[in-house]
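Subject: Structure for your review

Dear colleague,

Please find below the structure that I am handing over to you. My notes on it follow.

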Amino acid sequence: IGKKVRFYDEVDSTNLVAKKIAEEEESDGLLVVSESQTKGKGRRGREWSSDKGCDIFMSLILKPKINPMNASMLTILAALAVSKSIAKIVEKDTYIKWPNDIILNNKKVCGVLTEMSTEIDYINHVVIGIGINVNRTSFPNELASMATSLYVETEQKVQRAELIASVVKEFEEMYLVFLEIQTLQPFMKEYNDTLINAKRQVKIIEYGKEYEAIAIGINEKGELMIHDIDHPDHVRTVLAGEVSVRGI
Ligand code: BTN
């Protein structure tokens, strides 16, 4: 993974570029990196803002021979890889907000947007887009209360190439195991240990309906397990993509 890298100065979105490459070329493991994005995409149709030359915008193309039903688990591995890499490089505790936001000092420092093209029984490609706020010194007002960067939190500039290399290495290590077993079992504990939602009351917004529950942690499929506030033994799972989980 990441043996082939394509660097760009400016693109609309590294995910869009990666998807095009994935459709046209033999590109399993290819990494797309750009200095800036003019149409960065976030989850749920939101925008992802760009500060040219400061941050990381990368998308990894994968063509795994796994059951398409298991492809969303790759997002969990990507979040864990970024979380571990940031923690190591800035020597601070990082947390994960399920399914894949990375949180530093209670603010979001990274988001992951996974997009895939699948048939019923096989995957054409998966694109894992990762945006990390690295050396940016400030945020627009509307983001400032929620978002942060490694620089804002540590007052130290981070080498983006070092962080990208670490993310790729951490991801690859887990990915090779995952391809064999197609479960998150070996990674669950590490993920759940830093899950910011764990044991907390969360608001679940599922198909437009809202309710409150207590988050427990992910299971081996990457689904979030929750239990009713008043009935700890009434455990259910929620799927990423169908719900939004907010802290209360
Ligand atoms: C989110 O938290 O909403 C996900 C944000 C994902 C942003 C990254 S930046 C690189 C890649 N290209 C995009 O257009 N989006 C992802």
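Among contacts between residues at least 6 apart in sequence, what percentage join residues at least 24 apart? In this protein the share is 63%, where two residues are in contact if their C-beta atoms, placed from the backbone, lie within 7 Å.

Two points on conventions come first. This is a predicted model, in which local features need pLDDT of at least 70 and side-chain atom pairs count only at pLDDT 80 or more, while totals for chains, interfaces and linings use all residues. Residues are numbered from 1 along each chain as its sequence is written.

Overall form

The secondary structure comes to six helices and twelve strands; these are DSSP runs, helices being H or I of at least four residues and strands E of at least two, numbered from the N terminus. Along the principal axes, the C-alpha atoms fill a box of roughly 55 × 45 × 30 Å. Buried residues make up 38% of the 248 residues; a residue is buried if 20 or more other C-beta atoms lie within 10 Å of its own, exposed if 12 or fewer, and partly exposed in between.

Domains

The protein is divided into domain 1 (5-193) and domain 2 (201-247), with bounds from an automatic or database domain assignment. Their centres, taken over C-alpha atoms, are separated by 23 Å. Twelve residues from domain 1 and eight residues from domain 2 take part in the contact. On the side of domain 1 that touches domain 2, α2 (73-90) and α6 (185-193) each supply at least two residues, and α6 gives the largest share, four residues. By class, this side of domain 1 has seven nonpolar, five polar and no charged residues (Ala, Val, Leu, Ile, Met, Phe, Trp, Tyr, Cys and Pro count as nonpolar, Asp, Glu, Lys and Arg as charged, and the others, Gly among them, as polar).

Ligand shell and helix α1

Of the 20 residues around the ligand, Ser13, Gly42, Gly111, Gly129 and Gly131 come nearest; a residue is near if its C-beta atom, placed from the backbone, lies within 6 Å of the molecule. The elements giving two or more residues to this shell are α1, β3, β6 and β7. The shell has six nonpolar, ten polar and four charged residues.

Helix α1 (residues 14-24) has Thr14, Asn15, Val17, Ala18, Lys19 and Ala22 as its buried residues. Among the elements that cover them are β1 (5-8), β2 (31-34) and β3 (56-62).

Annotated residues

An unreviewed UniProt entry places the feature "binding site" at Ser13, Thr14, Asn15, Gln37 and Lys108; the positions are in the numbering used here, feature names are shortened, and annotations may be inferred rather than shown by experiment. Asn15 lies in helix α1 and counts as buried because it has 27 C-beta neighbours inside 10 Å. Leaving aside neighbours within four places in sequence, Asn15 is in contact with Lys41, Ser59, Leu113, Glu115, Val127 and Gly129. Gln37 is in the loop between β2 and β3 and, with 25 C-beta neighbours inside 10 Å, counts as buried.

With kind regards
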